[in-house]
Amino acid sequence: MTATVSHPAPSDPAFAAPWDAPEDVRITGVRAIVTAPEGIPLVVVRVDTSDDGLYGLGCATFTQRWKAVATYVEEHLARLVIGRYPGDIEDLTRLARFSAYWREGPVGNNAISGLDQALWDIAGKRAGRPVHELLGGKVRAAADTYIHAAGPDVGSALDDAERYVAAGWRHIRLQVSQPGLGTYGSPRLDGDTLTGAPFPRGWSVDHYLRTTPGLFAAARERLGDEVALLHDVHSRLTPKQAVLLARSLEPYRLFFLEDVLAPEHWDALPEVRRASPVPIAVGELTTSMTDATRLVLGGGVDLIRSHVSAIGGLTPARKLATAAELVGVRTAWHSPGDTSPVGAAANVALDVTSAAFGIQEGHVYADAVHEVFPGTLRISNGWLTPNEAPGWGIDLDESAAARFPAGLSGHDAWAAGVRGLDGGLIAP
């Protein structure tokens, strides 16, 4: 039932649509909700409407700079869209993007993503159908996922991998600790990497390149040939080093090798991909659809791994998936613990509706997350199936969310803590 209140008008005539709305429903409020039930700040945008009880939720999670995103949503985006018809998703997100003049970047695009995904949630609720049906319907029943296994040594990492295989996963991303402070995705080790170096606890690329093939040799021997193996470099190599690593891993038939170069060197990805015998997955650090599309169309990737909220939300991501389909690139959307359950639902909606789907990063949310976000998707035997409820099928319990206040993310200290043996910072 429509609320018996006068609808707000856009705060400036420039923000009004030059066409009549087909129905008498308007956006009445836009705000950011921040919560950290796993200790990782998650940003969700709530868009309220003039219809009683009709609202939408969207993921805007930029963990390292969540306060900036929340401010952007409430101080800049809200005034653009309040009073507008919520069905004008494309126009509203383009208005939000262009209104800043200087556009792109993770703060602005995450804020816009929260708006975009919340409007899709509203669209699904108004239609009484899940978002994936609004995107054209399923082309597969569920999305296959990979999961992250790690340990301080090879044996422990493979123990972790075996537990996931026993639980039904068929794709395992393997990481093992390295000496010093350069470890990614596994416990940091105590002690020096090289005593007497200017920065004794620094990360040694030579050690990494020399020892990583041994991890995968042991994995193939212990896990067999049926398990797909993946590995994340985390953007720390030069182009030549990336080729060297890829060739050394050829005997172990990786499903993909992830983020071999920092974004500053993505222009070299086509030559790395041509020389690599294993598929290259890149894109986690794309902060616009434009950058992500250049990776896809420029011949630099086999799988595109964008963080959907960082490129602006579901609307640009589905366009990116279509571009990927046309050139034979597959999707592998970024979705660790710093993606909210709403963002994970958006990923899966794309997965089950796109012919370009390759694999989906999986994360097993803690019970507290399910309490804060009723309807959070659960992985079963390695598969993610979308909700069939209208919209995303996910809600947010604000009372529960308030019990898990967010602090400043520890992720920024982790990202800035990687230095070489000479003390120089290494890009994450």
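On a 1 Å grid over the protein atoms alone, a cavity is a set of points where a 1.4 Å probe fits but cannot get out. By that definition the structure holds 4 cavities of 30 Å³ or more, where a volume is the space filled by probe spheres set on grid points that are joined across faces, edges and corners. This is a predicted model, in which local features need pLDDT of at least 70 and side-chain atom pairs count only at pLDDT 80 or more, while totals for chains, interfaces and linings use all residues. Residues are numbered from 1 along each chain as its sequence is written, and side-chain values use heavy atoms, with hydrogens and water left out.

**Largest cavity**

- The largest cavity contains about 110 Å³ of space.
- Its lining (residues with an atom within 4 Å of a point) has 14 residues, and Gln175, Val176, Gln178, Tyr184 and Tyr208 lie nearest the centre.
- Strand S5 (171–176), helix H6 (205–223) and strand S6 (228–232) each give two or more residues to this lining; helices (H or I, at least four residues) and strands (E, at least two) are DSSP runs, numbered from the N terminus.
- H6 contributes the largest share, 3 residues.
- By class, the lining of the largest cavity has 6 nonpolar, 6 polar and 2 charged residues; Ala, Val, Leu, Ile, Met, Phe, Trp, Tyr, Cys and Pro count as nonpolar, Asp, Glu, Lys and Arg as charged, and the others, Gly among them, as polar.

**Second largest cavity**

- The volume of the second largest cavity is about 90 Å³.
- Ser335, Ala344, His363, Tyr365 and Leu384 are the closest to its centre among the 14 lining residues.
- At least two lining residues come from each of helix H11 (341–353) and strand S11 (360–361), and H11 gives the most, with 4 residues.
- This lining consists of 7 nonpolar, 6 polar and 1 charged residues.

**Second largest pocket**

- Helix H2 (89–99), helix H3 (106–127), helix H9 (289–297) and helix H10 (314–327) each supply at least two residues of the pocket lining.
- H2 gives the most to that lining, with 4 residues.
- The lining of the second largest pocket divides into 4 nonpolar, 5 polar and 5 charged residues.

Conventions: On a 1 Å grid over the protein atoms alone, a cavity is a set of points where a 1.4 Å probe fits but cannot get out, and a pocket is an open set with protein on both sides within 12 Å along at least five of seven lines; lining residues have an atom within 4 Å of a point.
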